[in-house]
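Good morning, colleagues. Please bring up the sequence and the structure so that we may go through them together.

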Amino acid sequence: MKQYSGVNELPSGKAEGGVIKACMVLEGGAFRGVYTSGALDAMMLAGINTEATVGISAGAMNGINYAAGLIGRSGRINLKYRRDGRYVGLRPLMKDKGIIGFDFVFGEVCEDLPFDLAAFLASPRRLAVGCARLSDGALHYFEKDCGELYRAIRASASMPIVSRPVTVLGEDYLDGGCAEKIPLDWALEQGYEKIIIVRTRDRAYRRPEEGGLTRSLKRRMYQKHPAFLQGLLEEAARYNALCERMEALEREGRLFMLCPSSPVTVGRLEKDMEKIGALYWQGFHDAEAALPGIKAYLEK
């Protein structure tokens with residue numbers, strides 16, 4: 001099993017400092033989410049611990065560790081285990097009915113990188129996870145006290161086409177990104193006046209329309225769920241409109257947006273461990289450089 005050569009150099013420990021009345025909003029993007037892992041570690045080391053965290057897909061996977069104040073844990077999961085067949089590939093596809101081995105992540109990985117779920121559930125910090133409901137395509141949020149948090153995170157990060165739907169509290173869900181890529185509206189609807197968004201694409205990125213073959217495959221797979229399918233087919237337009245909206249809110253001082261300082265070339269299922277490791281440090285150093293701006297924004 002090949003690991004990132006610098007995995008032992010990642011920071012570790014428990015976040016210290018008070019909790020800030022603000023919301024951390026985390027974009028998905030599969031293994032591009034390692035950028036977020038680095039950025040959150042840098043912020044935790046600087047004492048930036050928000051009251052609420054909301055994430056979709058890889059953002060949900062990062063979010064649970066950030067909300068628990070576990071420095072380095074998200075990064076280590078991917079930088080140690082990406083090439084482990086129990087985590088990604090045919091074995092989880094057969095066992096977990098999806099390309100990501102969530103049983104492994106929430107089971108054996110926790111033996112190596114402990115996570116105290118009971119303590120997390122008892123803590124005052126909020127975590128919300130966005131999932132796309134198969135029946136109507138709606139984005140539904142599960143908070144950490146929903147009773148099936150691990151299943152909600154599994155659903156939020158279960159990519160369409162290569163994963164079967166995940167049942168949470170009696171209904172079927174898939175990747176929250178099928179409905180919305182960045183869960184900004186949850187933070188706004190909850191009334192947070194301070195919002196930090198961590199992106200996994202550079203500021204200039206806009207999503208291109210998919211090719212005809214991909215659209216045909218989606219139609220064939222989800223024809224029995226027309227509302228969900230419509231959301232899939234409108235992903236690019238919806239994402240690009242959201243980017244414009246976030247930039248407008250940023251200009252108004254309504255939110256702070258941290259974006260990769262250069263275009264991200266790591267693929268959704270990237271195998272190059274050194275490339276993934278470099279993305280972690282890009283996120284870490286981008287966040288370090290942004291700390292004065294983040295603190296000034298939070299103090300206004």
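How does R86 count at 31% relative accessibility: buried, partly exposed or exposed? R86 counts as partly exposed at that value, where buried means under 20% relative accessible area, exposed over 50%, and partly exposed in between, with a 1.4 Å probe and protein chains only.

Before continuing, a word on the basis of these values. This is a predicted model, in which local features need pLDDT of at least 70 and side-chain atom pairs count only at pLDDT 80 or more, while totals for chains, interfaces and linings use all residues. Residues are numbered from 1 along each chain as its sequence is written, and side-chain values use heavy atoms, with hydrogens and water left out.

Let me stay with R86 and turn to charge pairing. Side chains of opposite charge can pair when their charged atoms come close. The term salt bridge is used here for a side-chain nitrogen of Lys or Arg within 4 Å of a carboxyl oxygen of Asp or Glu. The side chain of R86 forms such a bridge with that of D84, at 2.7 Å from N to O. D84, at 7% relative accessibility, counts as buried.

A search of the whole structure finds 20 salt bridges. One of them joins the side chains of E51 and K21, at 3.5 Å from N to O. E51 lies in strand β3 (residues 49-56) and K21 in strand β2 (residues 19-26), so this pair ties together parts that are 30 residues apart in sequence. Strands and helices are DSSP runs numbered from the N terminus: E of at least two residues for strands, H or I of at least four for helices. E51 is partly exposed at 22% relative accessibility, whereas K21 is exposed, with a relative accessible area of 60%.

A further salt bridge links K275 and E270, whose closest N and O atoms are 3.8 Å apart. K275 is partly exposed at 31%, and E270 is buried at 14%. Elsewhere, salt bridges that share partners connect K181, R207, E210, K218 and E235 in one network.

D286 is placed in helix α13 (residues 273-299). Its side chain makes a polar contact of 2.8 Å with the side chain of Y35, and another of 2.8 Å with the side chain of S261. A polar contact is a pair of N or O atoms within 3.5 Å; within protein, one must be able to donate a hydrogen and the other to accept it, and residues adjacent in sequence count only if both atoms are side-chain atoms. Leaving out residues up to four places away in sequence, D286 touches Y35, L258, C259, P260 and S261, contact being heavy atoms within 4.5 Å.

Helix α13 also holds W281, which counts as buried at 19% relative accessibility. Apart from neighbours within four places in sequence, W281 is in contact with Y4, E9, L10 and P11. W281 and A39 are 242 residues apart in sequence, with their C-alpha atoms 8.2 Å apart in space.

Next, the enclosed helices. Six of the eight residues of helix α8 (residues 149-156) are buried, so this helix is largely enclosed by the rest of the structure. The buried residues of α8 are L149, A152, I153, R154, A155 and S156. Among the residues touched by V168, beyond four places in sequence, are A152 and A155. V168 itself lies in strand β7 (residues 166-168) and is buried, at 0% relative accessible area.

In helix α11 (residues 226-233), the buried residues are F228, L229, G231, L232 and L233. Their cover includes β5 (126-133), β8 (171-175), α10 (212-222) and α12 (235-251).

Finally, how do helices α2 (residues 58-67) and α3 (residues 73-81) pack, in angle and in distance between axes? The angle is about 135 degrees and the axes are 8 Å apart. The contact is made by M61, N62 and N65 of α2 with R73, S74 and I77 of α3.

Notes: Axes fitted to C-alpha atoms, helices over the stretch in contact; angles between N-to-C directions.
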